[in-house]
Amino acid sequence: MDSWLRESGALGLDSLELADFPDTGRGVKTTRSFKEGEKILTIPAKILWTVKHAYADPLLGPALKSAQPPLSVEDTLAIYLLFVKSRESGYEGQRSHVAALPTSYSSSILFEEDELEVAAGTSLYTITKQLEQSIEDDHRSLLVRLFIQYPDLFPLDKFGIDDYKWALCTVWSRAMDFVLPNGTPVRLLAPFADMLNHTSSVKQCHAYDPSTGNLSVLAGKDYQPGDQVFINYGPVSNSRLLRLYGFVIPGNPNDSYDLVLSTHPQAPFYEQKEKLWKMAGLDSTATIPLTLTDPLPKKVLRYLRIQRLDAQNLAVVARQGSDAAEEKVSDENEVEILRFLVESFEYLLSGFGTPLEKLEEQLEKGVYPAGSNAWAAAHVSIGEQKVLRLAKKRAEELLSLVESGSDGNAKDRCANCGKADAPLSLCGRCKSVAYCGRACQVAHYKGHKTKCQALAAKSG
Ligand SMILES: C[S@@+](CC[C@H](N)C(=O)[O-])C[C@H]1O[C@@H](n2cnc3c(N)ncnc32)[C@H](O)[C@@H]1O
């Protein structure tokens, strides 16, 4: 691969080497020092794996163009990889890259049943099960649309379901995503740059240059010779890390739980409510991430307030336009949604195979060998349970405030983020709500404006 990279014009290889590291496995180390921000590596456009290049290939391109409906970006890249892997001659450079790829992966889609069972109750469990099914369906569809149409290009012994899963795992764990200035998304695989492991302690330091199409990596921090070079894959939860990359970060601060909210189209006033959700930037089916820092996002309350509107409140809320249901609609509505949330979180938590404390105890005792699939699944479950417990606590606190009638002018917590353990200052105009800082005051103003003006006018 090295000579292919050099001949193609890759820059920076003289200062970098592949190496094995105890925590992250194979990665890249520097052989000289770098200052943060310095360019470390450039992989030229012509050797990147992209959809454009797959379609431009003289053998693969015409077959891809004939597939109806067209393949997704993910499938195109996966088939491109398998196609090159299956060739016995030609494609020498790309084949040397494929030969350097891992032969197996530890994504949750490849877990044994008993390993995945450790994560029972998590969104990882549900999504993995759904994925297993959809991967089989997609593979069957590729057989019909592509493989059996061109048996010489896609020999079935090299395009089976296990090959397809390998290719998908390769794309999930190694592809990089960018959005061009005109909003077009680009997904690509960059040889050698795909050997860089992740750490959240560097800023995003891989970049795509839309004018040249080259991929570059900058130093995300200062490096000494022999240091491992990292990039940042983004603020990814353990659930997503395990599904897409096959690893977890114990105590991951980005852990989250994806809450799915949906409403039956035959529910009362569905069409009017659908309009209100749209106005509020939501959809009739909304997936909202609950996180450790924001376990009960405002969007959840907003969605449910609209979902539970009665005929009388519907008209009032519709007049609020884009501020619709940003704040409490009525005591009844608020109590109803908060009770629903407390019960739902309780129900979701009861669905976890093993409670958080028990899992922590098991990890402590070494029941799951460190680094094993079951160990990783246990970390996902712990993270999601932590988030759900925080969300339930927050819903209970809000419920007791509404039930005691002290929510409307609660001054003991930030009206925007709910923080109570921070210095708070009152809204300068109405003095009825408090904020932990300027950012929260600004973020809250749009929804608070009408009430603020009314209260300020009342108090003269
Ligand atoms: C883009 S590749 C990086 C190179 C990879 N280690 C290799 O040998 O090909 C992404 C994969 O590296 C591993 N990886 C990356 N960052 C990691 C980390 N912080 N801890 C553990 N494994 C990591 C995971 O297996 C992940 O799927």
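Is Y91 buried, exposed or partly exposed? Y91 has 17 C-beta neighbours inside 10 Å, so it counts as partly exposed. Keep in mind as you look around that this is a predicted model.

**The whole chain**

Let's zoom out. The chain runs to 460 residues, and 33% of them are buried. It has 16 helices and 13 strands, and its C-alpha atoms fill a box of roughly 80 × 55 × 50 Å along the principal axes. Now take the contacts between residues at least 6 apart in sequence: 66% of them join residues at least 24 apart.

**Strands side by side**

A bit of background: strands of a sheet pair through backbone hydrogen bonds, either parallel or antiparallel. Here, four strands make an open sheet with mixed pairing, in the order β1-β2-β9-β6. At the edges sit β1 (16-21) and β6 (197-198), each pairing on one side only.

| Strand pair | Bridges | Facing residues |
|---|---|---|
| β1 and β2 | six bridges | F21 opposite G25 |
| β2 (25-30) and β9 (228-231) | two bridges | V28 with V229 |
| β4 (176-179) and β5 (185-188) | four bridges | V179 opposite P185 |

Two of these pairs are hairpins. β1 and β2 have three residues between them, while β4 and β5 have five, with G183 in the turn showing a positive phi of about 95 degrees.

**What packs inside**

In soluble globular proteins, nonpolar side chains tend to be buried together. In this model, the largest nonpolar core has 47 residues, and the members touching the most others are I43, L48, L77, A78, Y80, A190 and A193. Several elements each supply at least two residues of this core, including β3 (39-43), α4 (73-86), α7, α8 and β9. There is also a second, separate core of 29 residues, which includes L276, Y303, L338 and L398.

Leaving out residues up to four places away in sequence, L77 touches W49, V51, V171, A175, R187 and L189.

**Around the ligand**

Which residues come nearest to the ligand? Of the 17 residues around it, those are R26, S173, N197, H198 and Y245. Strand β2 gives the most to this shell, with three residues, and β2, α8 (161-174) and β6 each supply at least two. By type, the shell divides into five nonpolar, eight polar and four charged residues.

**A closer look at H139**

Where is H139 found? This residue is in helix α7 (residues 123-147). H139 has 19 other C-beta atoms within 10 Å, so it is partly exposed; a residue needs 20 or more to be called buried. Not counting residues up to four places away in sequence, H139 touches I161 and Y164. H139 and K165 are 26 residues apart in sequence, and their C-alpha atoms are 9.1 Å apart in space.

Most residues other than glycine have a negative phi, and most peptide bonds are trans. With that in mind, go back to Y91: its phi is near 55 degrees, a positive value in a residue other than glycine. Y91 lies in the loop between α4 and α5 (92-99).

F192 also has a positive phi, near 70 degrees, and is not a glycine. You'll find F192 in the loop between β5 and β6. Why does F192 count as buried? Because F192 has 23 C-beta neighbours inside 10 Å.

Finally, check the peptide bond from Q68 to P69: it is cis, with omega near -10 degrees. P69 is in the loop between α3 and α4.

Notes:
Residues numbered from 1 in each chain as written. Pairing = 2+ DSSP bridges. Buried ≥ 20, exposed ≤ 12 C-beta atoms within 10 Å, placed from the backbone. Contact = placed C-beta atoms within 7 Å. Near = placed C-beta within 6 Å. Nonpolar A, V, L, I, M, F, W, Y, C, P; charged D, E, K, R; others polar. Core = buried A, V, L, I, M, F, W, Y, C linked by C-beta atoms within 7 Å.
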